Amino acid sequence: NNKGPLVVDVLSVKEHPRDIMLRELPADCDILCTHPMFGPDSGKDGWRNLNFVYEKTRIDQVTFHPAGYYNFEEETEGHLESIDRIERFLSIWEEEGCKMVPLSCKAHDEYAANSQFITHLMGRILGAQGLSLTPIDTKGFQSVLKLIDSTTADSFDLFYGLYKYNKNSRQTIEHLREAMDDVVKNLKALEAADTDNAMPRTRDESVERQIAS
C-alpha cells in the first residue's frame, strides 16, 4: 500500500517536536510521541517499573486531540494497520517491564516542568555553589550531593533544551523565585522580631513591668 512510515520521537519535551512533526511530515506518516522517563544511569539495572510515556499523535491521518480523543469515522483497514504497528513498537518497552503511561504531549510538558525540569534546575543551582563532602554530612546533605551528581552528569544542552522547548519551564523558574523570596522574607521578619525583643527597654518601661508584676 501507499502508507507512509511510522515516525517515533523519544525526546524529553513533547509539544515542540509534536508540532514540528505534524507540520513537516507527510500526512500519510503515522506519528508516535514518546518519552522513556529514564536514561543510562537510572535504567542501568533494567527498565522494570520505569515510566514510558506516549501519545499516539497521528493514526492513519487522524490527529489526536489534546483534550483526549480522536475523530475516527470508521475503523478502516489502514487504521487497523496503523494501530497494529504502533502497538508492536510499544510492546517492546512493555515486555521489558516499563510502566506504560498514555498521556497527551500537553499534559506531559506541564508535569515535566514541575518534576524533571525543576530537578535539573535545582541540581544546577546547587552545583554552581561548589558544594562538597564535609566530615559532618547529614543524610539529607548526601541526597543533595547525589542530586547534583545525577543532574550535572547530563549535558548542559539537555538542560537548556528542557528550558527552551517547554513553555512551562519559565513559569517554574518564576515560581521558584517567588518561593525563595517568600522564605527569605519570613526569615528576615523573624530576625527583626528577635531584634525588637532583645532591645534594651527604657526606664519607664521597666517600671511599668515591675508594677504589673
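This is a predicted model: local features need pLDDT of at least 70, side-chain atom pairs count only at pLDDT 80 or more; totals for chains, interfaces and linings use all residues.
Start with H5, which spans residues 156-164. Its buried residues are Phe159, Gly161 and Leu162. They cover an arc of only 160 degrees around the axis, so they sit on the same side of H5. The face turned away from that buried side carries the exposed residues Phe156 and Asp157.

What do the buried residues of H5 pack against? Their partners are helix H3 (105-127) and helix H6 (169-198).

Take the H3 pairing. Two packed helices are described by the angle between their axes and the distance between the axes. The axes of H3 and H5 come within 10 Å and cross at roughly 130 degrees. An angle from 65 to 115 degrees would count as roughly perpendicular, and one over 145 as roughly antiparallel. H3 and H5 are therefore oblique to each other. The crossing is left-handed.

H3 brings Gln116, Phe117, His120, Leu121 and Arg124 to this contact. H5 supplies Phe156, Leu158, Phe159, Leu162 and Tyr163. By type, the contact residues divide into 7 nonpolar, 2 polar and 1 charged. Phe159 and Leu162 belong to the buried set of H5, while Phe156 is exposed.

Now move to the loop between H3 and helix H4 (139-152), where Leu131 lies. Leu131 has 33% relative accessibility, so it counts as partly exposed. Leaving aside residues up to four places away in sequence, Leu131 touches Leu126, Phe141, Val144, Leu145 and Ile148. Leu131 and Val144 are 13 residues apart in sequence. Their C-alpha atoms are 9.1 Å apart in space.

Notes. Residues are numbered from 1 along each chain as its sequence is written. Side-chain values use heavy atoms; hydrogens and water are left out. Buried means under 20% relative accessible area, exposed over 50%, partly exposed in between (1.4 Å probe, protein chains only). Helices (H or I, at least four residues) and strands (E, at least two) are DSSP runs, numbered from the N terminus. The arc is that of the directions from the helix axis to the C-beta atoms. Contact means heavy atoms within 4.5 Å. Axes are lines fitted to C-alpha atoms, for helices over the stretch in contact, and angles run from 0 to 180 degrees between N-to-C directions. Angles under 35 degrees count as roughly parallel, over 145 as roughly antiparallel, 65 to 115 as roughly perpendicular and the rest as oblique. A crossing is left-handed if the near helix is turned anticlockwise from the far one by less than a right angle, and right-handed if clockwise. Ala, Val, Leu, Ile, Met, Phe, Trp, Tyr, Cys and Pro count as nonpolar, Asp, Glu, Lys and Arg as charged, and the others, Gly among them, as polar.
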